[in-house]
Amino acid sequence: MPLYLGVDVGATWTRAVLVDGHANVINRLKIRTSKNPLADVAEAVAGWKFDSIGVGSIGPMDLRSGWVTNSPNSPARQFPLVEPLKKLGKPVVVANDCVAAVWGEYVFKHGVDNMVYLTLSTGVGVGAVVNGALLLGKDGNAHELGHAVIDFRAGRQCGCGGFGHFEAYIGGANVPKWFREVSGEAVADAAEVFRRYRAGDSKAVEFVNLWLDALAAGIATVVAAYDPELLIVGGSVALNNWDIIIPKLSLRLVKYLGVRPPQILQASFGDDEVAIGAAALAYKTPESLKKFGYPR
């Protein structure tokens, strides 16, 4: 049976999974993301047996060159995705991490022709399948709605340098700074804010309510862009706080949405979501990605 290597390059961690054509995981690894993460993966999996490789990476990227071009949250803003893997001698396909994730859900799980994957993690990312086609854009960045402007009056700066972006409010890396602006208090990370919320801390409750409003505005922007019937949400911030987010989201969405809302589901593959999606790119390469010259 053919086996596929799926690689997830995140801002903090890089993961790889070895899967079969049914998304069964046979082997996996997790390493801290470096300035050249695919070189680290190539060395770590040199003894594994597989037929092809898929990579899902943080962006923005240039699919034709196979490089990440300006990543705001990773150790290196630019790094190669294809070249370090050539030593393994297998076909390689690459795409944005959320593009990989939505393709994995489409191929291995749901098969819904209009669906979006949204990750709420260190940053905010989106991947979309519209009428059965995986959307990519001119460089592979058609899905970068984490950088959609949800408040044009805002002075809040995103890690990419822009102002008022969805990610500037919702991304886990930006939560501590925004919490300090709202409350006047410092926190170590987003997890501390949600712990304080659960404990009934008044400043955390006030902040999380603001955060949920910003989340609803951003999701409404995503729905307006792609009109999905299914919205799948993953990422550590979402998965660790699902009990807070989902019950409070529907009423907020009504305030912003002008179309019928999609069904909202939790990501299917947990921490392996992007890596399994990347393997799906190798297993069933979408036609839109082939137009960029993949697999290589």
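Strands β5 and β6 (residues 67–68) run antiparallel and are joined by two bridges; strands here are DSSP runs of E, at least two residues long, and helices are runs of H or I of at least four, both numbered from the N terminus. The open sheet has three strands in the order β5-β6-β7, with antiparallel pairing (two strands pair if DSSP finds at least two bridges between them). Its edge strands, β5 (61–62) and β7 (79–80), each pair on one side only.

## About the model

This is a predicted model, with local features needing pLDDT of at least 70 and side-chain atom pairs counting only at pLDDT 80 or more, while totals for chains, interfaces and linings use all residues. Residues are numbered from 1 along each chain as its sequence is written, and side-chain values use heavy atoms, leaving out hydrogens and water.

## Salt bridges

The count comes to eleven salt bridges (a side-chain nitrogen of Lys or Arg within 4 Å of a carboxyl oxygen of Asp or Glu). Take Asp-213 and Arg-252, whose closest N and O atoms are 2.8 Å apart. Asp-213 sits in helix α6 and Arg-252 in helix α8 (residues 242–256), so this pair ties together parts 39 residues apart in sequence. Arg-252 is buried at 17% relative accessible area, while Asp-213 is partly exposed at 27% (buried is under 20%, exposed over 50%, partly exposed in between, with a 1.4 Å probe and protein chains only).

Glu-287 and Lys-290 also meet in a salt bridge, 3.0 Å from N to O. They are three residues apart in helix α10 (residues 287–290), about one helical turn.
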